[in-house]
Each structure stands twice: as structure tokens, then as C-alpha cells.
Amino acid sequence: MPDAASPSDVTYRRSSAEDAEVVFELTAAAVAPLAPDPYPTEVVETWMTGRTAETYRKDCASGTLWIAEADGRAAGYCHAVPGEVIRLFVAPLFGGKGIGRNLMVRALADARAGWRGPIRIDATLNAVSFYRQWGFVVRAEGIFPGRPRHVPDIAVKIMELNAALDPWRGGSAQGA
Ligand SMILES: CC(C)(COP(=O)(O)OP(=O)(O)OC[C@H]1O[C@@H](n2cnc3c(N)ncnc32)[C@H](O)[C@@H]1OP(=O)(O)O)[C@@H](O)C(=O)NCCC(=O)NCCS
């Protein structure tokens with residue numbers, strides 16, 4: 001019987017409206033281990049405050065997310081639009097198995113579609129070194145926008161993929 005530690009079959013598919021609950025749950029699961037390092041407990045405990053599955057419904061319905069399924073179980077997702085990788089989350093149970101990498105390949109393809117400028121990502125602090133592997137560099141400090149007023153900010157690093165370092169354009173960064 002397949003188990004989460006070594007899924008035998010990981011598939012990637014486009015999202016539909018019905019994935020909103022799964023995306024909400026995956027996001028909550030992926031951020032839970034981020035306290036106390038690199039985020040304070042009060043930040044992680046309120047990460048999902050103000051969000052519900054409905055927050056993700058419209059984007060899911062547009063079919064622009066990629067959903068990763070490991071042996072039929074939701075394992076992660078990503079969302080990108082031309083010029084920006086917006087979200088990339090892998091559930092801890094399925095971390096370290098290459099799912100983040102495979103989602104990133106798809107997210108970058110979507111971020112590049114019809115776009116010739118730099119690609120941006122607002123990276124959580126834990127993921128900065130992950131994105132560096134893909135040629136992204138830190139451009140500025142920031143916070144996630146749109147948080148409710150009564151909860152603490154979520155600090156991020158605003159990263160950018162410079163076309164000159166883009167491995168798909170002849171640069172030397174790793175990650176492909
Ligand atoms: C960051 C994240 C997407 C990585 O997903 P994953 O499926 O565990 O990553 P993979 O197994 O595909 O790893 C691919 C490579 O990146 C490396 N890597 C994974 N996470 C890393 C991290 N946080 N920092 C540096 N390298 C990392 C792996 O060691 C692997 O390296 P290798 O090619 O030399 O073997 C996942 O840990 C996650 O969802 N974290 C919480 C949510 C989050 O921070 N998302 C980003 C929001 S901007």
C-alpha cells in the first residue's frame with residue numbers, strides 16, 4: 001500500500017473551482033511548521049485569519065493553479081501569472097520529494113508566458129534559499145499585503161528573477 005513517505009505516483013493537474021478547500025487546507029498545513037523559526041508563533045497562528053476556501057475559489061476556477069497529487073492525495077499547489085509566482089506550497093507530509101521543484105517548473109512556465117521582464121516572488125523567509133536555487137535574488141524587504149488590521153504582519157523578501165540569470169535563457173543558475 002502506498003504511503004506518504006514514498007508516494008509511487010505524483011501527478012500535476014490544473015485547478016478547478018472545487019479545489020478551493022484543498023488549496024486552503026494545503027496552505028494552512030504548509031505554514032504550520034514555520035513557527036517559531038523563522039516566524040513568531042503569533043504570526044503563524046494568525047496566518048490564515050481572514051481567509052477561507054472562498055479566498056481561493058476564483059483563482060482555482062480560472063484553472064491557473066497547478067495541483068500536485070501524490071497517490072491521489074493533495075500534496076501541494078502553485079499559482080503564477082505572467083511576471084509573478086504568487087504562491088507555492090507543499091504539505092509537510094510530502095516535503096523533500098521533489099514536488100516543490102516540479103511545481104516551480106510549472107509556475108515559472110506560467111510566469112514567463114507572454115512576459116519578457118523580470119519575474120517577481122514575495123518569498124516567505126524560509127523559502128528564500130529555495131528560490132535562490134532558481135536564480136532569484138532579494139530586491140527588498142516587504143510584507144504580505146491584504147492582512148486584517150488586528151493581526152501581525154508577515155515579513156517577506158521581495159525576490160526577482162533577473163533575465164540574465166534565468167537558466168531558461170542561457171544563465172547558470174541551478175534548479176531546472
Ligand atoms: C519551500 C517548499 C515549496 C519546498 O518544497 P519541497 O517539495 O519540500 O521541495 P523539493 O523536495 O522539490 O526540493 C527541491 C530542492 O530544493 C531544496 N529545498 C527545499 N526546500 C528548501 C528550502 N526551504 N531552502 C533551500 N532549499 C530547499 C531541496 O533540498 C531540493 O534540493 P536538491 O535539488 O539539491 O535535492 C516547501 O518547503 C513549502 O511549501 N514550504 C512552506 C510554504 C512556503 O514557504 N512556500 C513558499 C511561499 S513563498
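Let's start with threonine 64. It counts as partly exposed, because 16 C-beta neighbours lie inside 10 Å. The cut-offs are these: buried means 20 or more other C-beta atoms within 10 Å of a residue's own, exposed means 12 or fewer, and partly exposed is in between, with C-beta atoms placed from the backbone.

Two notes on the model. It is predicted: local features need pLDDT of at least 70, side-chain atom pairs count only at pLDDT 80 or more, and totals for chains, interfaces and linings use all residues. Residues are numbered from 1 along each chain as its sequence is written.

Back to threonine 64. Its place is in the loop between H3 and S2. Helices (H or I, at least four residues) and strands (E, at least two) are DSSP runs, numbered from the N terminus. What does threonine 64 touch? Leaving out residues up to four places away in sequence, threonine 64 touches Asp59, His79, Val81 and Asp110. Contact here means C-beta atoms, placed from the backbone, within 7 Å. Take aspartate 110. It sits 46 residues from threonine 64 in sequence, yet the C-alpha to C-alpha distance is 8.4 Å.

Now the whole protein. It has 5 helices and 7 strands. From the N terminus, the order is β-α-α-α-β-β-β-α-β-α-β-β. Of its 176 residues, 28% are buried. Look at contacts with a separation of 6 or more: 64% of them link residues 24 or more positions apart.

Next, the hairpins. Strands pair if DSSP finds at least two bridges between them. S2 (residues 65-70) and S3 (residues 73-81) run antiparallel, joined by 6 bridges. Aspartate 71 is partly exposed, because it has 16 C-beta neighbours inside 10 Å.

S3 also pairs with S4 (residues 84-90), again antiparallel, over 6 bridges. There, alanine 80 stands opposite valine 85 in S4. The hairpin of S3 and S4 has 2 residues between the strands, and glycine 83 takes a positive phi near 95 degrees.

Two peptide bonds need a mention. Alanine 35 and proline 36 are joined by a cis bond, with omega about 5 degrees. Aspartate 37 and proline 38 are joined by a cis bond too, with omega about 10 degrees. Proline 36 lies in the loop between H1 and H2 (41-45), and proline 38 lies in the loop between H1 and H2. For background, most residues other than glycine have a negative phi, and most peptide bonds are trans.

On to the core. Which residues have the most contacts inside the largest nonpolar core? They are Ala68, Tyr77, Cys78, Val85, Leu103 and Ala107, in a core of 40 residues. H4 gives the largest share, 6 residues. A nonpolar core is a set of buried Ala, Val, Leu, Ile, Met, Phe, Trp, Tyr and Cys residues joined through C-beta atoms within 7 Å. Alanine 107 touches Cys78, Ala80, Val85 and Leu88, not counting residues up to four places away in sequence.

Last, the ligand. It is surrounded by 19 residues, and the closest are Gly95, Gly100, Arg101, Ser129 and Phe130. Near means a C-beta atom, placed from the backbone, within 6 Å. Elements giving two or more residues to this shell include H4 (99-112) and H5 (128-132).

Key: Contact = placed C-beta atoms within 7 Å.
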